[in-house]
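Hi there,

Here is the structure I promised to pass on. Have a look at it first, and my notes follow below.

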Amino acid sequence: MPLDTQNVTQDRGTPLVEMRNIRLSFGGIHAVDDVSIELYPGEVHGVLGHNGAGKSCLMKVLSGAYKKDSGDILINGEKADIQNPRDARNYNIECIYQTLALADNLDAASNLFLGRELVTPMGLVNDGKMEAETRKIMKRLNPNFQRFHSPVSALSGGQRQSVAISRAVYFNAKILIMDEPTAALGVEETQMVANLIEELKSQGLGILLIDHDVHQVKALCDRASVMKNGKLVGTVKVDEVTEDDILGMIILGKNPEKGMA
């Protein structure tokens with residue numbers, strides 16, 4: 001059931017993330033111009049706009065890839081200092097890009113622990129322990145996943161997303177930034193990712209979903225913030241607006257008469 005954001009401050013308490021009056025410029029061009037959004041536990045918050053609207057730049061500020069010029073980021077109500085991706089991870093923020101950053105020749109367990117391998121007391125890579133941990137997290141997120149010994153290059157798009165999401169969740173992500181997670185996926189694969197997102201919501205994670213597919217935003221998101229030319233057009237409750245309303249925000253920069261969050 002979509003999140004009722006009308007009384008979200010009462011129902012949900014402190015936001016996981018607040019981005020207040022964020023500004024980011026490149027050579028005099030305002031990529032992000034005084035934008036404020038927030039994300040609550042168990043919420044999927046869509047971030048939409050045409051190419052160049054500023055949505056990816058805003059999320060890269062949160063992920064530590066870009067340094068903001070001004071504004072504040074609060075995590076769980078406290079001001080956060082995010083200068084780089086390592087800082088973001090220390091605040092339990094993980095970004096899952098379209099490329100997924102997976103090593104195609106390695107299996108699911110090797111990808112989940114890539115760069116953070118578990119070792120035996122003798123200092124050897126503990127493949128058995130890593131597979132057991134991978135099976136445990138997969139059982140929690142995608143019980144139908146069975147291809148533990150296949151290189152991820154042999155997996156479907158939805159299964160690859162499962163590996164990338166499991167890696168983030170295993171290492172205690174509380175805030176996920178997902179970049180068009182259903183792009184180029186078929187109907188069944190898209191449903192698999194939707195099921196993963198629902199499971200993450202039920203566990204209290206917050207998801208910021210970068211997308212341009214209004215249909216997917218309507219299907220997956222609780223609220224959506226639309227950007228145009230670096231500015232925030234507005235934030236709407238997805239279940240109270242139509243796809244045409246959202247398209248009007250994206251194309252015309254026009255707010256609908258109802259559904260504003």
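To start with a detail: which residue is the bridge partner of leucine 74 in β5? The partner is lysine 79. Before the rest, some housekeeping: this is a predicted model, in which local features need pLDDT of at least 70 and side-chain atom pairs count only at pLDDT 80 or more, while totals for chains, interfaces and linings use all residues. Residues are numbered from 1 along each chain as its sequence is written, and side-chain values use heavy atoms, with hydrogens and water left out.

On confidence, pLDDT (the predictor's confidence in each residue, from 0 to 100) averages 90 over the protein, and 95% of the residues score at least 70. Helix α1 (residues 8–12) has the lowest confidence, with a mean of 48, whereas β4 has the highest, at 98.

Helices (H or I, at least four residues) and strands (E, at least two) are DSSP runs, numbered from the N terminus, and two strands pair if DSSP finds at least two bridges between them. Four strands form an open sheet in the order β2-β1-β4-β5, with antiparallel pairing. The edges are β2 (29–39) and β5 (78–79); each has a single partner strand, so one side of each is left without a neighbour in the sheet. Strand β4 (residues 70–75) and β5 run antiparallel and are joined by 2 bridges. Across β1 (17–26), β2 and β4 lies helix α2 (residues 55–63), running at about 115° to β1. That angle is taken between N-to-C directions, from 0 to 180 degrees, with axes as lines fitted to C-alpha atoms, for helices over the stretch in contact.

As for cysteines, a search of the whole structure finds 0 disulfides, meaning pairs of cysteine sulfur atoms within 2.5 Å. Cysteine 57 is in none, and its nearest cysteine sulfur, that of cysteine 95, is 13 Å away. Cysteine 57 counts as buried at 18% relative accessibility, while cysteine 95 is partly exposed at 23% (buried is under 20% relative accessible area, exposed over 50%, partly exposed in between, with a 1.4 Å probe and protein chains only).

Lastly, glycine 158 lies in helix α6 (residues 157–170) and is buried at 0% relative accessibility. Leaving aside neighbours within four places in sequence, glycine 158 is in contact with Leu185, Glu189, Met192 and Val193.

Best wishes

How values were computed:
Contact means heavy atoms within 4.5 Å.
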